[in-house]
Structures are given as structure tokens and as C-alpha cells.
Amino acid sequence: VQQQAKLQPQPVAPAAAAGGTANSLTGSTNGLFRPIGTQPPQQQQQQQPPSTNLQSNSFYGSTSLTSSSQSSSLFSHGPGQPGSTSLGFGSSSSLGAAIGSALSGFGSSVGSSASSSATRRESLSTSSDLYKRSSSSLAPIGQPFYNSLGFSSSPSPIGMPLPSQTPGHSLTPPPSLSSHGSSSSLHLGGLTNGSGRYISAAPGAEAKYRSASSTSSLFSSSSQLFPPSRLRYNRSDIMPSGRSRLLEDFRNNRFPNLQLRDLIGHIVEFSQDQHGSRFIQQKLERATPAERQMVFNEILQAAYQLMTDVFGNYVIQKFFEFGSLDQKLALATRIRGHVLPLALQMYGCRVIQKALESISSDQQSEMVKELDGHVLKCVKDQNGNHVVQKCIECVQPQSLQFIIDAFKGQVFVLSTHPYGCRVIQRILEHCTAEQTLPILEELHQHTEQLVQDQYGNYVIQHVLEHGRPEDKSKIVSEIRGKVLALSQHKFASNVVEKCVTHASRAERALLIDEVCCQNDGPHSALYTMMKDQYANYVVQKMIDMAEPAQRKIIMHKIRPHITTLRKYTYGKHILAKLEKYYLKNSPDLGPIGGPPNGML
């Protein structure tokens, strides 16, 4: 009842009390919110004890507050404005004026700065009713300090939280202040210490509490204003991206001098990240045995998972390359029983290949045995064929007989397969003569078809380059009599070139003679080949490889067509080749003769 009576307007006072005693700094006679009246300033001064000039520390300096300054006004344009200092804002701030005009002169005096002989710091101490803790107004411990003021742009030396961190309180006092006497939610300048107690925000006021056991959270060890030199990272710190805080900081270059020892508990996660995997790979190359073992202990449990990971597989490969024998053996043991699925997997096949390069012969043989019965499936697979090739390259041939056996009757089909043709070539390179013999026999049965196949022609070329002389001769004999036709074929022309290059001198002479002597309608076969987009390369190769006497024959055959060849795109290639050997002053390339250096 008394509070309600105090809320009634006073006819003679310049401003009626709008708040209860809990909102007053100096007593119930001086309310927080008073409408502006017409009472002269002298009557307002009667409600306040007389005071002399007081030096008070506001947020931004010392301001002399006299009895003529009326009050320290936060929001109003009242009579006391000219000599007042806005609490929490500089005297030059226009914020109070803007809000005051918006409220149409709704004044709110926050007590009188001259209410006692105490300083501003003491007037804002915890003994004031305004700052008493109340369950309805004080935020929990750890709430941002200026939870009543949503100003991220405040020039306060202490700093205010961002608007997104505050409950969004307005500077305008809530309506509840005019109807009851609960504590105000305008905690101006108040800092909570660890016990929830409010301390003054005046500069230096925190010194009283800095040494206390429950210090202000602003200066605590967990404050982000003063982060420790090296943060502690937990595996439970998951960022919105799904990465740990450590990995996120590393990716954003916030951890410039990261070492392997800093990744304890995070090795697997880093291995599965593009940048983290590259970091671990680089460190493993120069790491100490202890550091490698620390990393290895973590990845071993997740070895299969990393083997099939787009980035993790490279970390596993590094251990096959730089790890100890025990580490390689442990990883090989993890692969055991999973060779086939890994060989068919995009990233696992790379691990198998690296393992085959790095482990002992006994381990190799044990590993490749798991592919027995699945050879053709692997050979025709885009990933598995690389594993089979690596097996043929690295493993002892006697351990690979099951691969040769699987190819019986399949050589032609595999030779015309985009992946199978590669495996056939590796067999011809690395396997024993006894193992390659049945492969070659099947190839010779299908030479004519293979030379015209987009993949099979590579197998025949490989035999011409690396095969035994008798195998080369068999292929050349298949080509003879068909040089003109095959030279104009997109794929077979490559085989004809290899025949000219790798055949014996006698065989080469027969092939060149076939071109020079054969006629193709009204013109010679040579003329037809010189104009063809594929066969012209065969002619160029013949010019390069021919004996001097035979080259002279070729030149005589070409001479009548020089003028015509200039009109054809591919004929120009032939002329360029001739100029390389016989560049003379004569426009028709001069007399026929051997090269100036006496070479071919």
C-alpha cells in the first residue's frame, strides 16, 4: 500500500516518483522515472541534500558534478541536462538525447550524483539497491556482462558483447518498473564476479576482486579476451562443419607450428582430411621412430577404414614406404583376408600396390594367393587390373602361375580389352619363357584381327618391341602383302611402323620394296600412302629406316609427285622429311644422294 501511495503523482514536485524504493539510489523521495514538470529548479534541489562540487569518475573520465547539475540523466532532456553527465555514455553522446526525444520528454533520473559526499564509484557499489541481486533481474553467472545493453559498438574500454549474445534488452525501462518495486533490470556498468556479486564498472574497480578466488569472468583464465598460448583440444569439441576444433583451427592456419605430437587423439581424423593427410605424410618422412610409432598406434585400429579413404590411403602408403619392418608386417596382417575387396576399391588398390612393393617375398606370395580364382574379374576391373599388373611386376613368377592358367583360351579377349591388354603386356615383360609361350601362341593365331583393334594393336606392338626374334618374324610375315591396306588403317598403321622399325634388314627391305613396286590403280602404292592421313607416317618411317640404296629408289618414286604433294596436308609431311635429308638449292630438292653426314 505504501508503495502504491508513493506511485501517485505529487502536485508540487517537478517529477512524480515512477519507481519503488528498490529503484532509488538515495531514497524514496527521488524516483527513477519522473515526468518533466514546471517546478523551478530550486524546489527540486530541496529534495536533495546539499553538496559541494564532486569529482566523479565516469566511464570516460572525471567530470565535476555540482549541485547545479541537477542529476546525472541517462535518458531525459530535462532541466538538468546541460550540466549532467550520462551514466555509461560520454557527456558529448547524443544517444540520450535521441532516446529522450523519442520518449517525448519522458525523463528518468537515475538518482542524484550529489546525493552524498561519496564518489561515483561508491555510489555504484554493491550496497546500492539498484544493484542488489534478485532472482528476476540478475542473469546467471557467465551471462555477458552488459546483458541489459545490447551495444556491440560501445566505445567502453571494457567492451560489450555482440547483440547476438544478449537477451536483447532495450534501453527503455520495462513497463514493470512503474507498477511494482522489484529491482531494475538496468544493471548499468555492473560486472558479475564469480559469486554473482556485482562490482563497479569504473576503471580500476575490478582490482579489488582480481586476487579473490572467485574473480570476474572477464579476467578469468577461460576468458577469450586473454586466451592461453596453447589451447587444450578435446575430441568432443566438434565444430558445425563436423570437424574437431583442432582440425578446424589447423585448416584455418590458426596453429602455425603444429607437430605430430599435438595430434594425439586426432590422427585418424587428420588422415581423412585433405590438408591433414598431406601434413601427416610430410611429417612422417622426417619423423623420429617414436613419433612414427605414436601415429601408427592410432591408425592401426582404423587401418582398413583408412585404406579405402580418399585421403587416408596415402598415410597407410607412407608407412609401407617409411615404416619399420614390424609396422609393415602389422599393416600387411590387417590386409590379410581383404585383398580382393581392397584390390577392387579405388583407393584400396593403391595400398595393395604399395604393399606389394614394400613387403617380403613370403608376404607377397601369401597376399596374391587371395586373388586365385578371381583373376579375370580383377583384370577386367578398372582398379583390380592395376593390382594384377603390380603382382606380375613385383612377385616371383613361380608364385603367379595361377594367373597364367586363368588366361588360357582368353588371350584374344583380354588383348582386345582396355584393361586386359595392359596385363598381357606385363606378362610378356616379366614372366618366364615357359609362362609366356602359351600366351604368344594365342596371339599369333589372331594377329590380323589384333593389329586392327584399338587395344589389341598395342599388344602386337609390344611383341615387336620386346619379343623374341622368331615372334617378330611371325608378325612381319602376317603384315607382308597387306602393307598398303594396313598402312591406311588407324590402328594397324602403328603396327606397320613398328614392323619397319624392329624387323630385320631383310624383312624391312621386303616391306619397303612392296610399297615401291606395287601399283594402286593409275598411281603407285607409295603415292597413295603419301596422301593418306595414316599411311604417310609409314612412308616417313621407311625413309628414316631405309638403306641408302633403297632410299634412293624411294626418292625416284617421289620426284614426279613433288608438285602435287604440296597441295596435300599430309603430302607436306613427306616433303618436310625429304628436306631434312636433302636440303639443296634446287627447288626440286636437288640430286638424290645420301645424307651429308653419311648416316642413313
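How far apart do the end C-alpha atoms of residues 442-477 lie, and what percentage of the span is helix?

## Repeats

In this predicted model, the end C-alpha atoms of residues 442-477 lie 16 Å apart. The span is 81% helix and 0% strand. For residues 478-513, the end C-alpha atoms are likewise separated by 16 Å, and that span is 75% helix with 0% strand.

## Confidence

The protein has a mean pLDDT of 72, with 57% of its residues at 70 or more. Over residues 1-231 the pLDDT is below 50, and this stretch has 312 contacts in the model beyond near neighbours in sequence. Residues 584-600 also stay under 50. For residues 584-600 the model has 28 contacts beyond four places in sequence.

## Nonpolar core

In soluble globular proteins, nonpolar side chains tend to be buried together. Here the largest nonpolar core contains 110 residues. Ile280, Ile335, Phe407 and Ile558 have the most contacts inside it. Helix H29, residues 535-545, gives the most to this core, with six residues. At least three core residues come from domain 1 (240-335), and at least three from domain 2 (480-589).

Ile558 can be followed in detail. Leaving out residues up to four places away in sequence, Ile558 touches Leu526, Met530, Ile543, Leu565, Ile574 and Leu578.

## Helix H24

Helix H24 covers residues 469-479, and its buried residues are Asp471, Lys472, Ile475, Val476 and Ile479. Viewed down the axis of H24, these buried residues fall within an arc of 135°, so they line one face of the helix.

Several helices pack against the buried residues of H24: H21 (433-445), H22 (447-451), H23 (456-466), H25 (483-487), H26 (492-502) and H27 (505-517). Just after H24, Gly481 adopts a positive phi of about 90°.

## Phe491

The loop between H25 and H26 holds Phe491.

Phe491 and Gln454 are 37 residues apart along the chain, while their C-alpha atoms are separated by 6.0 Å. Apart from neighbours within four places in sequence, Phe491 is in contact with Val451, Gln452, Asp453, Gln454 and Asn457.

Conventions:
Residues numbered from 1 in each chain as written. Predicted model: local features only at pLDDT ≥ 70, side-chain atom pairs only at ≥ 80, totals over all residues. Heavy atoms only, no water. Helix = DSSP H or I, 4+ residues; strand = E, 2+ residues; numbered from the N terminus. Core = buried A, V, L, I, M, F, W, Y, C linked by side-chain atoms within 4.5 Å. Buried < 20%, exposed > 50% of the residue type's maximum accessible area, 1.4 Å probe, protein only. Domains from an automatic or database assignment. Contact = heavy atoms within 4.5 Å. Arc of directions from axis to C-beta. pLDDT = per-residue confidence, 0-100.
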